[in-house]
Amino acid sequence: MIIPSIVTRTLKSSVVPLFCGVVLFYLGSHLVNGDRGIFSMLRLRAEVAQADDVLTKETARRAELEHAVELLRPDQLDPDMLDERARAILNVAHPNDFVLMYPPSAAAQQDLVVPPTEDPH
């Protein structure tokens with residue numbers, strides 16, 4: 001009968017450390033993999049860095065577009081800009097112009113979209 005009492009005593013003395021170990025494992029796994037864990041923090045930092053890059057690019061693009069709009073305002077119309085836009089939209093060139101044809105980029109295709117004209121016939 002000595003063996004069952006030793007086993008019982010050993011089990012009773014190991015319950016608290018085992019419970020503490022399970023709780024620490026649970027909390028540690030959530031510290032690493034949880035919704036607000038280390039991996040989530042790293043992923044969110046990468047997303048923020050990517051969003052900052054997009055913001056920087058879009059801010060620069062907006063500044064370029066605002067500058068182009070300023071050049072086309074009626075009170076300070078730039079003749080070169082007007083001539084460039086008219087030629088691009090109307091798809092015409094001066095007889096003395098030398099024209100190089102190349103495939104347009106996606107951004108250029110969006111800028112040069114002209115609504116179709118209706119046939120008067």
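Colleague: Great. What kind of model is it, and which residues count for what?

Modeller: This is a predicted model, where local features need pLDDT of at least 70, side-chain atom pairs count only at pLDDT 80 or more, and totals for chains, interfaces and linings use all residues. Residues are numbered from 1 along each chain as its sequence is written, and side-chain values use heavy atoms, with hydrogens and water left out.

Colleague: What is the mean pLDDT of the protein chain?

Modeller: The mean is 81, and 82% of the residues reach 70 or more. The pLDDT is the predictor's confidence in each residue, from 0 to 100.

Colleague: New topic: how much of the protein chain counts as buried?

Modeller: Of its 121 residues, 3% are buried. Buried means under 20% relative accessible area, exposed means over 50%, and partly exposed is in between (1.4 Å probe, protein chains only). The accessible surface comes to about 11400 Å², and 65% of that belongs to carbon and sulfur atoms. Those areas come from the Shrake-Rupley method with a 1.4 Å probe; for residues, only the protein chains shown count as cover.

Colleague: Which residues make the nonpolar surface patch?

Modeller: Leu31, Ile38, Phe39, Met41 and Leu42 make it, and it has about 480 Å². Helix H2 (residues 38–71) gives the largest share, four residues. Ile38, for one, lies in H2 and is partly exposed, with a relative accessible area of 38%. Patches are made of residues with over 30% relative accessible area and no salt bridge; like charges are joined within 9 Å, nonpolar side chains (Val, Leu, Ile, Met, Phe, Trp, Tyr) within 5 Å.

Colleague: How many salt bridges does the structure hold?

Modeller: Two, each defined as a side-chain nitrogen of Lys or Arg within 4 Å of a carboxyl oxygen of Asp or Glu. Glu47 pairs with Arg43, with the closest N and O atoms 3.2 Å apart. Glu66 pairs with Arg62, with the closest N and O atoms 2.9 Å apart.

Colleague: Where do Glu47 and Arg43 lie?

Modeller: Both are in helix H2, four residues apart, about one turn of the helix. Glu66 and Arg62 are also both in H2, four residues apart. An α-helix has 3.6 residues a turn, so residues three or four places apart point the same way.

Colleague: Is Arg62 buried or exposed?

Modeller: Arg62 is exposed at 57% relative accessible area, while Glu66 is partly exposed at 42%.

Colleague: Last one: what does the Ser40 side chain reach?

Modeller: The backbone oxygen of Asp35, at 3.3 Å. Ser40 is in helix H2 and counts as buried, at 12% relative accessibility.

Terms used
Helix = DSSP H or I, 4+ residues; strand = E, 2+ residues; numbered from the N terminus. Polar contact = N/O pair within 3.5 Å; in protein donor to acceptor, adjacent residues only side chain to side chain.
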